[in-house]
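User: I'd like to learn how to read a few features of a protein model. Could you walk me through them?

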Amino acid sequence: MRPRRYPSDTSDEEWALIELLLPVPACQTRTGGRPEKHHRRYIIDAIRYVTDNACKWRALPADFPPYQTVFGFFSRWTRAGVFNRVRDELRRAIRLRAGRCPNPVAGVIDSQSVRAAATVTGRSRSYDAGKRVPGRKRHLVVDTFGLLMMVIVTAAGQPDRDAARELPARLRMLHPQLTLIWGDSAYAGTLVEWARRFLRLTLKIVTKRPGQTGFEVLARRWIVERSLSWMMNARRNVVDFERKPSHSEAHLTIAAITLMTRRLTRNRPPAWTRRPASAPQAA
């Protein structure tokens with residue numbers, strides 16, 4: 001058993017939540033396959049380490065499985081939507097624990113432009129003239145708890161309105177119960193009527209207070225902005241290093257998964273930090 005060494009490592013309680021949501025190993029399916037050499041918990045710990053510390057895959061510490069194996073799992077699970085499925089199930093668990101409907105009917109949409117590293121190809125990056133950021137843009141929707149529902153990554157120069165047509169359309173297919181989304185003034189205009197007419201979705205614009213000059217916390221919008229700040233604590237998300245936008249989306253989703261597993265296990269400290277039970281006293 002590999003000892004717990006890093007802050008990003010899963011606790012026993014977290015692993016109990018994640019393990020059941022992962023796909024069945026190939027060797028246990030009808031078609032068969034070679035048994036996996038490394039325990040999946042070590043794979044998850046390694047992926048979370050990369051997301052949390054922003055190291056290169058080749059720079060994984062020696063106590064993790066080989067980086068080729070870890071990246072292989074990361075790439076395959078990203079293509080198969082495994083991280084999205086884990087995210088959705090954990091979000092449902094948190095909402096049920098809070099006494100809310102497991103499927104949200106309202107969300108908040110926003111975008112964030114970040115700089116892209118030299119490893120990002122020129123076809124998937126551009127310049128955001130409004131924020132003066134060369135790189136990529138993340139478009140995401142969270143529920144009213146601030147829990148991630150969906151994220152897509154585009155070039156930074158793509159207008160929010162264009163991405164907002166794709167993101168709510170995907171959400172509508174996956175969450176047919178969704179009826180209301182709040183957004184800022186970047187989503188105003190014809191998009192509001194388009195969402196109402198074609199998606200049966202109400203898009204409400206939260207505008208700044210008249211006469212506002214500096215920063216001010218705005219109703220509903222602060223929820224998604226707080227979620228972005230939470231996910232930016234994972235250093236891999238501060239700058240976009242990924243060649244594929246889908247891998248950028250995966251790292252954001254993994255950061256959200258870590259937040260949710262720790263939220264679900266918050267009342268129980270990790271097993272390796274608990275004090276051992278005292279020995280029973282002799283009668």
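Analyst: Happy to. Let's begin with a cut-off: a residue counts as exposed when its relative accessible area is over 50%, and as buried when that value is under 20%. Keep in mind that this is a predicted model.

User: Is Ala129 buried or exposed?

Analyst: Ala129 has a relative accessibility of 59%, so Ala129 is exposed. You'll find Ala129 in the loop between E2 and E3. From the C-alpha of Ala129 to that of Val142, 13 residues apart along the chain, the separation is 26 Å.

User: What about backbone angles? What should I look for in phi?

Analyst: The general idea is that most residues other than glycine have a negative phi. Arg200 is another non-glycine residue with a positive phi, near 55°.

User: Where do Arg132 and Arg200 sit?

Analyst: Arg132 belongs to the loop between strand E2 (126-128) and strand E3 (133-143), and with 64% relative accessibility Arg132 is exposed. Arg200 is in the loop between helix H6 (190-198) and strand E6 (202-205). At 62% relative accessibility, Arg200 is exposed too.

User: Now helix packing. How do I describe two helices that touch?

Analyst: You give the angle between their axes and the distance between those axes. Take helix H2 (residues 40-53) and helix H3 (residues 67-80): the angle is about 85°, and the axes are 9 Å apart. Angles of 65 to 115 degrees count as roughly perpendicular, so that's how H2 and H3 lie to each other.

User: Which residues of H2 and H3 meet?

Analyst: From H2, it's Arg40, Ile43, Ile44, Ala46 and Ile47; on the H3 side, Thr69, Val70, Phe73, Phe74 and Trp77. Sorted by type, the residues of this contact are eight nonpolar, one polar and one charged.

User: How do I check a helix on its own, say H8?

Analyst: Compare its end-to-end reach with the expected span. H8 (residues 245-264) has 20 residues and runs 29 Å from first C-alpha to last, close to the 28 Å expected at 1.5 Å a residue.

How values were computed
Residues numbered from 1 in each chain as written. Predicted model: local features only at pLDDT ≥ 70, side-chain atom pairs only at ≥ 80, totals over all residues. Heavy atoms only, no water. Helix = DSSP H or I, 4+ residues; strand = E, 2+ residues; numbered from the N terminus. Buried < 20%, exposed > 50% of the residue type's maximum accessible area, 1.4 Å probe, protein only. Expected span 1.5 Å × (residues − 1). Axes fitted to C-alpha atoms, helices over the stretch in contact; angles between N-to-C directions. Parallel < 35°, antiparallel > 145°, perpendicular 65-115°, else oblique. Contact = heavy atoms within 4.5 Å. Nonpolar A, V, L, I, M, F, W, Y, C, P; charged D, E, K, R; others polar.
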